[in-house]
Amino acid sequence: MVLNQQYHPFFVFLSLLVMVFSAYTTIRLLVHLRFDYLSQAESRWWWLVASFALGGGIFAMHFVAMLAFSIAVKISYDLGLTLLSMLVIVVVSAYLLRQVQKPVLSHFQLAISSVLVGLGISSMHYLGMEAVIASALMLYQPIYWIASIVIAVVVSAVAIVLLRYTLDEQKKLSKIKKMSIALLIAIGAATIHYSGMVATVFYSGGVCGSHHIIFDIEMDASDLAILVVLIAITLLAIALVISVVIEKFHFLLGENSRVIEDLVFARTMEIHQAKLETDLILDSMNEGVVLLDAQAVMKRVNQSICDLLGYDASELIDQPVSLLFADAGEDDHFLERKVLPLVNSKLQLAFNYQNKQFFENIEQAPMAVLIVDAHGHIISFNPKAAALFGYAKREVLYQSVHHLVPFHLRKGHEDSLKEFMHSARITKGARLHHLGEARVLEALHQNGSTFQVEIALLPFLMADTSCVVAALRDVEHDASWDNLMKESAFGEMITESNDEFASMVELQRKDGQQCNVLISGTSTLDEAAQITGAVLVFNDISKYLQAIKEVEKAEMNVLAEQQKRLESLGLMASSVAHDFNNLLTPIIGHVEMVMSSMPEESRNYISLQNALDAAFQAARLSKQMLSYSGSGRMSSTTMDVGTLIKGMQSVLVSSIAPHVNLQFNYLDQQLLIAIDVSEVEQVLLNMVINASDAMNGRPGDVRVFEIFQEIDQSFLMNPHTYSKPEAVPGLYIGFRVQDNGCGMSEEVQRQIFDPFFTTKFTGRGLGMSAALGVVYSNKGVLHIDSKVGVGTTFTVLFPKSEMEVATLQQPHSEEKSASKIQAIFQGKTILIIDDDDLVRLTLQARLDSLGCDVLHACDGQEGLAVYREHQTNIDAIILDMTMPVMDGSVCFKELQSIDPKVKVILSSGYADEDLLASFEGNPPAATLEKPYDMKKLKVTLARILLLKQG
């Protein structure tokens with residue numbers, strides 16, 4: 001029989017009360033985990049105290065809730081299991097608070113942490129239930145048991161999120177908000193306990209619990225519950241009071257230390273006043289520095305200027321500064337007439353740190369200004385900054401500047417500050433460091449809201465300590481940056497201190513040699529604003545020249561990477577074209593064979609002719625892909641550039657928009673280049689059409705020039721010049737297409753030759769990439785000169801031809817009659833070596849129709865074996881270049897070693913030039929570029945057989 005289970009309402013309330021107080025105490029203790037002054041060991045102690053506060057509170061809540069629970073039998077407790085459950089919850093609480101402290105907790109980490117904490121709390125609960133000893137049988141209902149664990153995991157996730165929120169927003173949360181969060185956490189913990197109790201059912205007639213160390217309740221359960229609550233609340237109150245006292249002590253200590261540090265700071269500024277001009281400015285600078293008096297006599301020099309000019313310091317002190325200038329001449333007023341015009345004559349305060357006026361300017365500045373030391377502590381905070389962030393000055397002085405940054409950005413802000421301060425130390429000294437361009441950042445207000453500020457930074461040294469001045473402007477509410485800068489002496493100081501000038505002059509070294517330097521500096525003034533001398537700063541120009549070289553090197557690397565990318569894409573296109581040609585070869589062959597058996601007037605013959613035309617169109621597309629790759633077949637013809645342009649003139653005029661004015665400029669002399677005329681004509685047409693499109697519908701001019709140009713290595717290495725590595729300086733001839741259209745940005749210019757890149761709304765974007773491939777195939781170079789809003793100029797150049805007139809290829813055996821050609825093949829034995837089954841079968845069928853005997857092999861090794869066996873009978877070999885096991889080039893060389901007179905026709909999906917390039921001095925008898933038709937096969941094979949017959 002199920003025993004009746006009851007709860008005493010008052011003790012349920014007590015259990016919830018102790019849990020609320022525990023959660024609130026934990027929230028207050030969390031603030032100590034973020035104190036900057038705590039050591040790692042001290043922070044760990046506060047973490048343990050908070051863990052006991054939270055874990056002990058949960059245990060006390062659980063224990064009191066168990067005392068509030070009653071059934072119709074007497075209940076005792078196993079002391080060992082009871083203590084073990086308390087230890088478990090303290091460990092789980094310590095783990096929970098460790099997760100709460102992490103700067104960043106991903107969703108995955110939150111989920112894992114919630115599961116572990118939820119299982120831990122459930123373990124504590126069910127260990128406590130196992131500690132129950134009663135004359136009743138205790139069982140768990142599976143569904144409710146699982147539900148209680150799920151509730152524990154969900155509540156744990158909510159608790160982690162709430163505690164992380166309170167830790168991040170500790171200073172901005174009111175007591176009511178903290179108490180509300182504590183109440184939510186307490187309700188969640190109580191929900192875990194009472195959902196677990198719902199899963200527990202007691203039956204009469206049995207016994208539950210062990211009988212080891214038994215904690216028998218001697219006193220009344222009500223009295224015990226009140227005692228447990230009093231003990232728990234007392235311990236939590238002690239921890240809470242200690243926490244508040246230490247927090248207040250820290251505040252008072254900060255106030256006293258602020259007064260002491262202000263005194264130390266003022267005294268330190270006085271001590272370093274005399275050293276500022278010498279030690280702080282001169283000796284720490286890499287630049288050469290000279291201090292002059294009103295008579296232009298050098299009164300102080302640093303080691304850098306001595307090293308630059310080869311002097312000892314003693315040789316320069318008390319000497320006129322004209323000694324250093326190569327063109328000084330005689331001038332009694334050298335300072336006013338020669339030196340000061342070279343530098344900024346305005347008064348540059350250069351942040352004279354001991355000048356009281358400097359700090360007064362900061363206090364009166366119309367923008368927020370704060371000074372931060374190298375450790376990220378705020379050491380100055382003007383009224384505008386206090387109004388901007390909502391803090392009183394005393395609340396932020398000597399606190400971390402990261403409190404002004406939203407929590408999720410603090411890690412990045414800390415790293416940025418360290419990097420910035422490191423840069424300031426490298427260039428330390430009283431030398432002016434420019435306020436860099438202002439940047440927009442996210443800032444954190446005292447009330448927890450965020451807002452956008454524009455910030456400018458200035459690193460400097462103060463009392464031998466690296467610091468940084470930060471000037472801030474509220475983007476939404478403040479006036480513009482320029483207006484703020486002009487509204488105060490601080491803004492004028494910043495403006496003037498950034499108003500430096502530099503001039504290049506020649507200095508004369510001690511050994512008589514001259515060196516070029518950049519000179520900058522400022523005049524020095526007295527209280528009456530009269531010139532008392534000058535400070536000159538010399539920078540060796542060689543450092544800047546080296547920087548320029550590094551930039552050029554970087555640009556060359558970018559160019560090399562771009563060309564490498566284009567070559568990789570070209571290789572891919574070439575490989576695709578090769579495979580494409582291999583597929584087209586059997587298609588064309590079989591279609592031709594079927595057509596040969598049909599009457600030309602039949603419908604099927606016409607359909608097959610259309611299919612054949614489509615196959616040859618696909619072959620032309622493959623050729624375009626080879627042109628893009630820069631390895632296309634070039635039908636070289638010697639051509640005059642002017643003649644080529646004139647022949648295209650009518651086509652070009654009809655291809656552009658009517659509102660575009662097309663002009664042509666020709667040279668008087670004949671300029672010959674060896675090119676594939678049809679391909680280069682396509683490049684010219686493509687560029688003229690692009691120039692017309694660049695007008696974007698408005699009137700404009702496009703000019704086409706015939707040019708010749710002597711190019712050198714620097715032209716070839718220019719980032720905007722595209723050429724193959726084997727291109728050499730020399731006389732080049734070509735054309736230039738110039739427009740005054742929209743122009744191209746640098747980013748567009750970097751992508752213009754990428755395949756499928758286009759700036760047009762329609763189009764495939766292969767035009768310029770294919771054009772570059774044609775230029776490469778014809779051994780040319782291409783140069784781009786473009787500027788947004790001005791226009792674009794494309795220059796295409798090819799090496800000057802050494803020939804005087806154009807040459808044309810003469811026809812060969814194509815002119816022989818069909819009957820004579822047919823008779824050549826009868827009884828001839830042809831060996832086909834090709835790894836493509838379709839190609840072999842197609843060739844065999846074609847050669848069978850010519851009356852040839854055919855042998856075949858699927859790779860180079862098999863082909864060599866067949867040739868050795870039938871060498872005396874084989875009249876010619878058709879050899880594929882790309883095969884597994886042994887490729888065509890190796891097989892060809894092996895065949896020649898067997899018989900130097902062997903007649904081999906090399907066949908490949910690549911261009912003829914690629915086939916012949918690797919066999920200079922010992923070429924094959926002929927080449928066949930796939931795909932080829934029956935006519936080309938017959939003519940090529942007939943020529944080879946006739947050569948063999950002699």
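Predicted model: local features only at pLDDT ≥ 70, side-chain atom pairs only at ≥ 80, totals over all residues.
**Exercise 1**

Find which residues make the nonpolar surface patch, and decide which helix gives the most to the patch.

*Solution.* Begin with the members: Phe10, Phe13, Leu17, Ile226 and Leu230 together make a nonpolar surface patch of about 470 Å². Next, turn to the helices, where α1 (9-29) and α7 (221-271) each supply at least two residues of this patch. Of the contributions, that of α1 is the most, with three residues. Finally, take one member, Leu17, which lies in helix α1; because its relative accessibility is 36%, Leu17 counts as partly exposed.

**Exercise 2**

Decide whether Arg164 is buried or exposed, and state which residues Arg164 touches.

*Solution.* First place the residue: Arg164 lies in helix α5, which covers residues 142-168. Its relative accessible area is 13%, and since buried means under 20%, Arg164 is buried. Then look at the neighbours, leaving aside residues up to four places away in sequence: Arg164 touches Gln99, Val100, Lys102, Pro103, Val104, Leu105 and Phe407.

**Exercise 3**

Explain why the buried residues of α28 line one face of the helix, and name what covers them.

*Solution.* Start by listing the buried residues of helix α28 (residues 888-898), which are Gly888, Ser889, Cys891, Phe892, Leu895 and Gln896. Viewed down the axis of α28, these buried residues fall within an arc of 160°, and therefore they line one face of the helix. The face turned away from this buried side carries the exposed residues Lys893 and Ser897. Lastly, the cover over the buried residues of α28 includes β25 (829-833), α27 (860-870), β27 (874-880) and β28 (904-908).

Key
Residues numbered from 1 in each chain as written. Heavy atoms only, no water. Patch = residues over 30% accessible without salt bridge, like charges linked within 9 Å, V, L, I, M, F, W, Y side chains within 5 Å. Areas by Shrake-Rupley, 256 points an atom, 1.4 Å probe, with all protein chains shown as cover. Salt bridge = Lys/Arg side-chain N within 4 Å of Asp/Glu carboxyl O. Helix = DSSP H or I, 4+ residues; strand = E, 2+ residues; numbered from the N terminus. Buried < 20%, exposed > 50% of the residue type's maximum accessible area, 1.4 Å probe, protein only. Contact = heavy atoms within 4.5 Å. Arc of directions from axis to C-beta.
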